[in-house]
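Please look at the structure below slowly, one chain at a time, before reading on. The paragraphs after it are meant to be read with the model in view.

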Amino acid sequence: MTLLVDVFTVLTVAAGIVFFVAGTAGLIRFPDTSSRLHALTKADHLGLGLVVLGLLPRAESLGGVLRLVAIWGLVLASSAAAGPMLARLARRGARGG
Amino acid sequence: MIADLLIVAAIVALALPVVLARSAFTAVALFVAYGLLLAFAWVRLDAVDVALTEAAIGAGLSGVLLLGAARRLAGGPPVEDAPPGKAQVALIGVGCAGLAVALGAVILALPDPAPSLAEPVMANIAAIEVGNPVTAVLMGFRGLDTLLEAAVLVLAVVALWALAPDAAWGAAPGWRQPPATDGPLALLARVLPPIGVVVAVHILWVGADAPGGKFQAAAILAAMWLLPWMAGIAAPPPISRAWLRIVIAAGPVAFILAGFAGSVLQGAFLAYPPGYAKAVIIAVEVVLTASIAVALALLVLGPPAEDRGA
Amino acid sequence: MAAAALVRFALLLTLWVALAGDGWKDLAPGVAAAALGTWWSLRLLPPAPLRVHPAALAGLVLRFPWQALTAGVQVARLALDPRRRPEPKHVTWAPSLPPGRARDAFLAYASLLPGTLPAGDAPDGSIVIHAIAGAGSAAAAMNEEEARFARAFGLDD
Amino acid sequence: MSATIFGLLGAALVGIGLFGLLVRRDALLRILAFNLLGGGVFLVFGAVARRGAGAGLPADPVPQAIILTGIVVAFAATTLAVALVLRLAAAKDRG
């Protein structure tokens, strides 16, 4: 049982890291600011979500579970606010200059 | 070890371009990233209290302050002072490198075993009745330092307000944000502050026994208070409001009163009566948190400015 | 008003329990913090009359992890596969939700969905969407998601 | 080991910050350099605190508490410096 949990954690956290790497690759490779925002938010959300998912079975209590989910939720909320703001600024910057 | 070296490399890679940057805006952006990485360094040094403060104040509040300043200065006249010549820069570089190397040599030559006050702190922590040794030092053993520091914040607010032009005296602090009701930032500013309040109260509450405390809680509260103003859905109170001034002064005053109560009851300034130490400390910390939060928010906003239609 | 206050208080108290644990010693400051947070929340975000459809909302919430997965995989393939390149385009999309908080909330949600990132208002009152690939389907996807979102919160009639 | 590594980082930051403070002429950049210098000093304190681990604590709490007060006071100084710079720029604007 613990082995199974270990395997689950290792697999999901590793998958999460792959998406973080992909997000970083996108940040470097993508041609325009808004596409880079897609990379930074969408791939990294999934990466963080998978890391959180992998750590859930290791939480010591229900509070620990809620705390991990709350971290994911707060990151989602902050980038749901920051992403559109930066995209709007990038569009204006591209048009203005 | 490898993690430490990676963090060190990243911090140096961010710090160097801060001092070499062409534009102030770039330098500030790099500085904010540097502050966040520095918080990692504090975790690696087993200073979680410091890490929380660094992330909240060193990166967060400083970032807001400096980005705002960089934006406002961007349209100003260029710096007219003559930059130092190449020979001068080289000389300064050699001097600073020499100083860094000397300081490094001192660190490598620190005495072993290191002198430490950890033993006396832990031997006497029972008298302070709190579990977090850093809080015990801040509120108990070095309480006078913390009191003076709270007073420094009040003085900084007074000094800042003194910079207000006469015409703007008594008005709301900071530059006026364009009012807004909709948009992504407005939505965040409506949803996030209540969550931030709960997190801040928690950080204050656990500060007695675990990493956390009034500075970290106050920094979060200040950020939550600033957010609706920055989004344009609320305006800061004018600095002439009596309640604002009372809240700023209340923390140091409560601390001083607790100190004098100690000298009457226990015969020493800031001595806590046995059995009530934790209760007194928590009461003072709650008032101090409110004071520090208001002071930090006002410090970020700056003095009231004449509305120049900008 | 009272119902909204109660729901927000309960949510904030849940957050407190998540942070502090459910010890009785820690509950009193938690109640105070949640009450303070609720008071502030009601001032910043006065409750709007929402008719939540529980089934539709549950569908929206349960669909979200799948959407996050689709969005992440799409971006990861574009970033890691050297034969693919993003074809970023700005498309305008006319929302049916009126301007205001409900539209803002939907746009924030849409920024987390695959392929679309709202990028501000167009001069004619529609919304500019930054689509990372498949600009043609972006507007259709936004329409579909908006209908789902409006249905879940009873905003569609 | 961590203590030594970050102590040396602190020494390097002191050098970098002092260099920026002396070489740059832009006021805002000088404020940033001053903060780098301060961060370096705090890190040296932190390294000393880490080496002072004992009595079941991972680090000496006294220097750590001093760093906390130091960060807050440095922030207060920074806000005042920024306000002065902005006020100066506004005064120059007016001629």
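Residues are numbered from 1 along each chain as its sequence is written, chains are lettered from A and ligands numbered from 1 in the order in which they are written, and side-chain values use heavy atoms, with hydrogens and water left out.

A careful reader begins with confidence. The model as a whole scores ipTM 0.89 and pTM 0.91. For single residues there is pLDDT, the predictor's confidence in each residue on a scale from 0 to 100. Chain A has an average pLDDT of 88, with 96% of its residues scoring at least 70, while chain D averages 91, with 99% of its residues scoring at least 70. Within chain A, the element with the highest mean pLDDT is helix α1 (residues 2-29), at 92, and the one with the lowest is helix α3 (residues 62-96), at 85. Where pLDDT is low, the predicted coordinates should not be read in detail.

Helices (H or I, at least four residues) and strands (E, at least two) are DSSP runs, numbered from the N terminus, and chain A has 3 helices and 0 strands, in the order α-α-α from the N terminus. Chain A is more spread out than a compact globule, because its radius of gyration is 17 Å, well over the 13 Å that the globule rule gives for 97 residues. That radius is taken over C-alpha atoms, and the rule is 2.2 Å times the number of residues to the power 0.38. Along the principal axes, the C-alpha trace of chain A spans about 60 × 25 × 10 Å.

How much of chain A is buried? Buried residues make up 41% of its 97 residues, where buried means under 20% relative accessible area, exposed means over 50%, and partly exposed lies in between (1.4 Å probe, protein chains only). Chain A exposes about 5100 Å², of which carbon and sulfur atoms supply 75%; such areas come from the Shrake-Rupley method with a 1.4 Å probe, and for residues only the protein chains shown count as cover.

Which chains touch most? With contact meaning heavy atoms within 4.5 Å, the pair with the most contacts, among the 4 pairs of chains that touch, is chains B and D. No contact joins chain A and chain D, whose closest C-alpha atoms lie 23 Å apart. Thr79(D) gives a local view of chain D: this residue lies in helix α3 (residues 61-94) and, at 1% relative accessibility, counts as buried. Leaving aside neighbours within four places in sequence, Thr79(D) is in contact with Leu65(B), Leu160(B), Leu299(B) and Val300(B).

Chain C brings strands into the picture, for it has 5 helices and 3 strands, arranged along the sequence as α-α-α-β-α-β-β-α. Its C-alpha trace spans about 60 × 40 × 30 Å along the principal axes, and 44% of its 157 residues are buried. In chain C, Gly125(C) is found in the loop between β2 (116-121) and β3 (127-131), and with a relative accessible area of 41% this glycine is partly exposed. The C-alpha atoms of Gly125(C) and Ala34(C), which are 91 residues apart along the chain, are separated by 38 Å.

How values were computed:
Predicted model: local features only at pLDDT ≥ 70, side-chain atom pairs only at ≥ 80, totals over all residues.
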